[in-house]
Structure formats: C-alpha cells, structure tokens
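Here is a short briefing on a protein model and its ligand. Look at the structure first, then read the points below it.

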Amino acid sequence: SKREGFATIPDVSWEDIGALKSVREELQMAIVEPIQHPELYAAVGINAPTGVLLWGPPGCGKTLLAKAVAAESKANFISIKGPELLNKFVGESEAAVRRVFTRARSSVPCVIFFDELDALVPRRDDSVSESSARVVNTLLTELDGLSERQGIFVIGATNRPDIIDEAMMRPGRLETPLFVDLPGPSERVEILRALMRSKPVENLAQLAEFAGTEACNGFSGADLGALARKAGHCALRRKVTKLELQDFKLASESIKGSVGNMQKYYR
Ligand code: ATP
C-alpha cells in the first residue's frame, strides 16, 4: 500500500467534480490563486489564509475537492487520515504531526489534506485525555508557524465539525468552513455527468437525467459512483459494452442512499 503521507501531484481536475460550484470557487480563491500568483498577494499586502475546513456528510466530494485543489495549483499533495497519526506511545503522535509539516516544507508548494480531522483535534473539554490535548496543541503550533507563508496550505475534512476543537477555526488557521452538502436532484445530474465524462455510453444526457429522478433520492456522489460501476456490470451481463438507461435502472435498485439520515450529523 501507499506510504503514509507521501507527497504526489494528484490526477484530478475541476472537470472531474460535478456540482459544488461555489465551494470550488472558494477553494480557487483561497488556495489555487495564492499558490499560482503569490506576487499579487504580496503586492496588495495581504496574507492568503492558511487553510480551510471542508465539512459535510460522507462521500460528497471532500477528498476529491482537496485533490483537485492540489492538481489545479500544481502543488504536491500530502494526504493524511487523522487516526493514522495517533499512537499510544507518549509523544509519538505529536512527533508524527510534526513530521507531516517537515515533509510539507521540503515539498513546497504543498497542500496537506487532513481527513477525519475530528479524530486528531477533538474539542479540549473535561473528557479529553491529556495526550489528545497535546496533539491538538502540536497541530495548532504547526498551523501558526505557517502564517509567514511558505506555500503550504492545509485542508481539513470532517463529518463532525461539532466535535472539533474550536481553536482550529480561529483566524489564521482553518478559518473558512466550507459546507460540502449532499447533492439535490439537479446536482446529482451534474455529478453523474462528471463521473461518466469519459465512459462509453449510449446517450449521456438521458443517463444523467436519471440521476435526478426519485430512484436516486438520497444518493451521495459516492453512491452515484457505485451506481455507475454497477451499471457497467449490468451492461456486461447483457454482453454489451455501451451503458444504457436500463443498466442504470437495474443498478439503482441495489443501492440505498447512504446518507438517509442527515440528523445523525446535524442537529
Ligand atoms: P468521506 O467523508 O467518506 O471521506 P468525501 O466527502 O471525502 O467522503 P470523496 O472521497 O471525495 O468523499 O468521494 C468519494 C467518491 O464519490 C469520489 O471518488 C467520486 O467517485 C465520487 N464523488 C463524490 N462527490 C462527487 C462529485 N461532486 N463529483 C464527482 N464525483 C463525486
């Protein structure tokens, strides 16, 4: 498997992402432009933000967005799942956090993506352990160290913004929360279009429209990805290689929208 936190430039473009237009625009302004035109920011005398927090239900494009940001700005991408850095030995988790930033400093420009950020920086209340609090402090210190701008940007992602330590969202840190919502009917159409962009299909417009129907209610982007894969299997079973509407209809029957109960996340 891939070495943890290894820096690469991802192969994802804005074109691969359906819907989420305003989030894409925010990310373009917050990260892509500052990486590509640091001189403009210097000329105006402002610092670009250090990072943003993507939050929302699972499978709706947070990881995809982070990869596209790195690719569009031709920056290296370091992807970390919060829990990967946690280690039961004293001081090891903090050391792992510091190593991520050391690696980033040696591969600028760089986007660091912390998925499942809530596992790494839980709110420091009475119930949080001393060792968790030390990890939170280490990450905050590293973020503050970026304020002098070295071409390192941080994107955090979480399904549970409510359990993240608030200090993470102070100005100069991940100050901009961007909501990555479950797609509605017309957004599902755009996502299926993006997913099928380079696939062999009989009638793309007709297929994409299917994503907007009731059969796909509650589907996340990840569910639509599964739909496309299963439709491929259905086509193969018919011994054809071009996907048609009937393949999508059949495939949709075996998929249940994975984000049926949003209240689980947002009260
Ligand atoms: P998690 O919270 O589970 O990490 P996530 O929000 O990071 O989820 P992604 O990993 O970005 O979700 O999405 C999973 C897959 O679903 C993507 O690889 C892609 O195939 C598909 N997908 C999700 N959203 C979109 C979208 N807006 N456009 C195109 N494909 C999408």
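The largest pocket has a volume of about 540 Å³, where a volume is the space filled by probe spheres set on grid points that are joined across faces, edges and corners. A pocket is found on a 1 Å grid over the protein atoms alone, as an open set of points where a 1.4 Å probe fits, with protein on both sides within 12 Å along at least five of seven lines. The model is predicted, and local features need pLDDT of at least 70, side-chain atom pairs count only at pLDDT 80 or more, and totals for chains, interfaces and linings use all residues. Residues are numbered from 1 along each chain as its sequence is written, and side-chain values use heavy atoms, with hydrogens and water left out.

**Pocket lining**

- The lining of the largest pocket consists of 29 residues, and those nearest the centre are Gly59, Cys60, Gly61, Leu64 and Ala222; a lining residue has an atom within 4 Å of a point.
- At least two lining residues come from each of α3, β4 (152-158), α7 and α9, with helices (H or I, at least four residues) and strands (E, at least two) taken as DSSP runs numbered from the N terminus.
- α9 gives the most to this lining, five residues.
- By class, the lining has twelve nonpolar, nine polar and eight charged residues. Ala, Val, Leu, Ile, Met, Phe, Trp, Tyr, Cys and Pro count as nonpolar, Asp, Glu, Lys and Arg as charged, and the others, Gly among them, as polar.

**Ligand**

- The ligand sits in the largest pocket, meaning that more than half of its atoms lie within 2 Å of the pocket's grid points.
- Around the ligand are 17 residues, of which Gly18, Gly59, Lys62, Thr63 and Leu64 come nearest; a residue counts as near if one of its heavy atoms lies within 4 Å.
- This shell has eight nonpolar, six polar and three charged residues.
- α3 (62-72) supplies the largest share of the shell, three residues.

**Polar contacts (pairs of N or O atoms within 3.5 Å)**

- A backbone N or O atom of Gly18 is 2.9 Å from a nitrogen atom of the ligand.
- A polar backbone atom of Gly59 lies 2.8 Å from an oxygen atom of the ligand.

**Backbone features**

- Val108 and Pro109 are joined by a cis peptide bond, with omega about -10°. Pro109 lies in the loop between α4 (92-105) and β3 (110-115).
- Leu20, a residue other than glycine, has a positive phi near 55°. Leu20 is in the segment before α1 (21-36).

Notes. A polar contact is a pair of N or O atoms within 3.5 Å; within protein, one must be able to donate a hydrogen and the other to accept it, and residues adjacent in sequence count only if both atoms are side-chain atoms.
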